[in-house]
Amino acid sequence: MVLPGGLLTRKEEPVPLKSIGVTLSIREFVAGVSATLNYENEEDVPLETFFVFPMDDDSAVYSFEAMVDGKKIKAELQEKRKAHSIYESAISNRRQAFLLEEDKYSRDVFCCNVGNLNPGSKVALTLKSVQELPLEADGALRYVLPAVLNPRYRGSGSFEDSCLDMKPPIVPLEDLPYTFSMLATISSQHGIERIQSNCPFSPTEYLGEDKTSAQVSLADGHKFDRDVELLIYYSEVHTPTVAVEMGQPKDNPVDGFMKDPSAMVCFYPNIPEAQSPVICGEFVFLMDRSGSMQCPISKQDKSQLRIEAAKETLLLLLKSLPIGCYFNVYGFGSSYEAFFPNSVQYTQQTMEEALRRVKLMQADLGGTEILTPLQIIYREPSIAGHPLQLFVFTDGEVTDTFNIINEVKRNRLRHRCFSFGIGEGASTSLIKGIARVAGGTSEFITGKDRMQSKALRALKRALQPAVEDISVSWDLPRGLSAKMLSPEQTVLYKGQRLIVYALLSGTMPPAEATGEVNLKYTLQGKSLENRVTFSLQPKPDDNFTIHRLAAKSFLRAKDMGFRDTPAKDKKDVLKISIDCGVISSQTAFIAVNKNVNKPVQGPLTCRHVPRPILLGAASMMPQYHGCALPNAKSSYFFPASQPTRTSRYVGVPDQQDGCKPCKPMVSKDLCALVFGDNHLVQLISLQNADGSWYLDENLAGILGKSLEDLLAAVPVKDANSSSWATVLAVVWLHSNAKQMKGEWELLEKKARTWIHIHAASIMQELVKAAIVFTKSSVDPSIFAL
């Protein structure tokens, strides 16, 4: 079934939640968030309300307080069972109580309970959090305030006491009874170039002439139909930094986490471009084909359907793989399907078979049962010399994310996992979690984002030679030492930022003293390092931002859910969580109003705060709600004469006799049927596995020429027809799709490599003739390797 369910709210029942206000403060690459939930009981009876809402997986929630009748009640962070016991006791004794907890099965879902809200009473609940902001490929910092909590598919297994078991009313967007506002202040010593958003915002207001501080606010009327995203561009390129924050020696026990100063180190490793990219590997693509993949990626006009974007993405990935590697494609829903019984060698024959299957793909496999196909993939024996690279594409609408993350973690030593969250409301806990534990990267595709470009960027990273022997060392004055809190780093990628945290214990030196931290690693046998010198004078911060981010870094690595965290880690998780006041799966915030002597009068009535239902989610729900789904089963699609892992390369002939047209491998009508009028996708679909193109009517049609014209324009007598066709295709890509280079640069490099191998002696003549023939202005130097 799909969780949560529920009927449309009855209009005669007032909703106690009236508004949500968010204050956002971004300094450099750290965001501080204060969210206030304003409640009012307009009924004649006391209420108990429940509000289930999404949070970003990286958020460190460290404060929860209530303002009741002008008096502030600060919640305490307690062990979860104890917090629940205090809450239930207070409610049964007719005391006002407030509870905030993280879901037991997913780090990105929270529940806020308000118990015994008196008639006519108003309460403002404020929760505070901090988080690191991820770095985008174009240098932007990305902040996302999750506003969409989609129904999540529940597979087999027990899910006792999940927040998602609650049945909040579901209302259309236009009937949502509470409002939402957000004010954001951004500051950077480097200056702010611009701020962009996927939602209507006020014009950027700079708070000084130097443009180091700015404010923006969300326009009125936001209806929770999309997550709120900000992209922040600073004026200078990001540089390595170290920040040292003062501890709390007086207010904490001797061995407390908050006692010592903490350090946050941010590296931007300058990893050189590899001279020889990886040509081996086993590439497995696991694609969500549940019913919700039939929805558009976003609510914006002309947004591509998720399943159609997935098909185009698989086409680009399959065309970009290196000859000689191994691959397979799995689709999953409540059942799963594999293109081949096991991974096969990448050849012309296997690529064509896979593409035939891609073109037939539909979002027709039911719910989102991802665990079973993951287990099947991991059971397959490893292929010697071809390390596994797993690419997972899903809209992330699953309930038990920790179980899936643990499965990936158990197999982390044999593979890397690259994950992609598709559409609004994808689980940040799932998408970030599986990539984090298996040394990959995660991406989210929302709004105008293209799945294609983000997937190809990940493939490019997967094809980089591995960065090895990664270590972080500290050079500190005598009497001072650094204890690393971040998990050991095992993977680095070109263009990636690395953040590490440490506690500094011992005697702090004089104010002018400095320390040094050194990142070392090896790439293709060459030792490289990045050094940063920093001041050892700690700075005070009332919010203890660095300590709490450090605690979150520790908890992310150790906390695997209320049920699945190993016993040896559970004690550490509980201690760090309570010491730092950062919520975890093992803890919850609890507050009891002790200012009111008189017990709450009257029978307690339950009210769930309604959530909006998006168009796509609404259309998917009837398929699953209230019906049992079959257990996962498998089916394979493969021809009888399919090559296996041990089969040799079966390719196209290297040369042909003279420049003759080739028989089309894919009909022009089929190209148009599957890929519409997208000439770029049509052109890519015609490329061979080795990087070449055939000279045929399909290629001529995309170039806007007749096949006879192409044959007549060949500049070299008896030239190989594929050489001429491939040069023409590369020129077309640079002339007509330059703005989408990130999506085709890998397959274009395969084409250039093929040209250098098969037509090096006549390449200059072919290139010059192709530029003239297509009336292009591209630089011939693009054909250099």
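Asn116 is not a glycine, yet its phi is positive, at about 65 degrees. The residue is found in strand β9, residues 109–117 (helices, H or I with at least four residues, and strands, E with at least two, are DSSP runs numbered from the N terminus).

A word on what you are looking at, friends. This is a predicted model, in which local features need pLDDT of at least 70 and side-chain atom pairs count only at pLDDT 80 or more, while totals for chains, interfaces and linings use all residues. Residues are numbered from 1 along each chain as its sequence is written, and side-chain values use heavy atoms, with hydrogens and water left out.

Is Asp69 buried or exposed? Asp69 is exposed, because its relative accessible area is 62%. You will find Asp69 in the loop between β5 (60–68) and β6 (71–74).

Now the whole chain. The protein chain has 17 helices and 36 strands, and 59% of its 785 residues are buried. Its accessible surface comes to about 32,500 Å², by the Shrake-Rupley method with a 1.4 Å probe, and for residues only the protein chains shown count as cover. Carbon and sulfur atoms hold 51% of that surface. What about contacts, meaning heavy atoms within 4.5 Å? Of those with a separation of 6 or more, 77% join residues 24 or more positions apart.

On to the interior. A nonpolar core here is a set of buried Ala, Val, Leu, Ile, Met, Phe, Trp, Tyr and Cys residues joined through side-chain atoms within 4.5 Å. Which residues have the most contacts inside the largest one? They are Phe391, Trp693 and Trp724, in a core of 87 residues. Helix α15 (residues 721–736) gives the largest share of this core, nine residues. Apart from that core lies another, of 82 residues, with Leu37, Tyr39, Ile192 and Phe544 among them. Going back to Phe391, and not counting residues up to four places away in sequence, its partners include Phe283, Phe285, Phe418, Phe420 and Leu459.

Ala737 sits in the loop between α15 and α16 and is buried, because its relative accessibility is 2%. Beyond its neighbours within four places in sequence, Ala737 is in contact with Leu680, Trp732 and Trp744. Ala737 and His679 are 58 residues apart along the chain, with 9.6 Å between their C-alpha atoms.

Gly440 is in the loop between α6 (428–437) and β27 (442–445). Gly440 counts as buried because its relative accessible area is 16%. Cys417, 23 residues away in sequence, is 4.8 Å from Gly440, C-alpha to C-alpha. Leaving aside neighbours within four places, Gly440 touches Cys417, Phe418, Ala435 and Tyr493.

One helix is worth a glance too: α5 (residues 401–410) is mostly covered, with seven of its 10 residues buried, including Phe402, Ile404, Ile405 and Glu407.

On a 1 Å grid over the protein atoms alone, a pocket is an open set of points where a 1.4 Å probe fits, with protein on both sides within 12 Å along at least five of seven lines; lining residues have an atom within 4 Å of a point. Points are joined across faces, edges and corners, and a volume is the space filled by probe spheres set on them.

The second largest pocket has a volume of about 1,100 Å³. Of its 40 lining residues, Arg27, Glu28, Ala243, Met264 and Ile546 are the closest to its centre. Elements that each supply at least two lining residues include β2 (17–27), β19 (241–245) and α8 (545–558). By class, the lining has 19 nonpolar, 14 polar and seven charged residues, where Ala, Val, Leu, Ile, Met, Phe, Trp, Tyr, Cys and Pro count as nonpolar, Asp, Glu, Lys and Arg as charged, and the others, Gly among them, as polar.

Thanks, everyone!

Key:
Buried < 20%, exposed > 50% of the residue type's maximum accessible area, 1.4 Å probe, protein only. Contact = heavy atoms within 4.5 Å.
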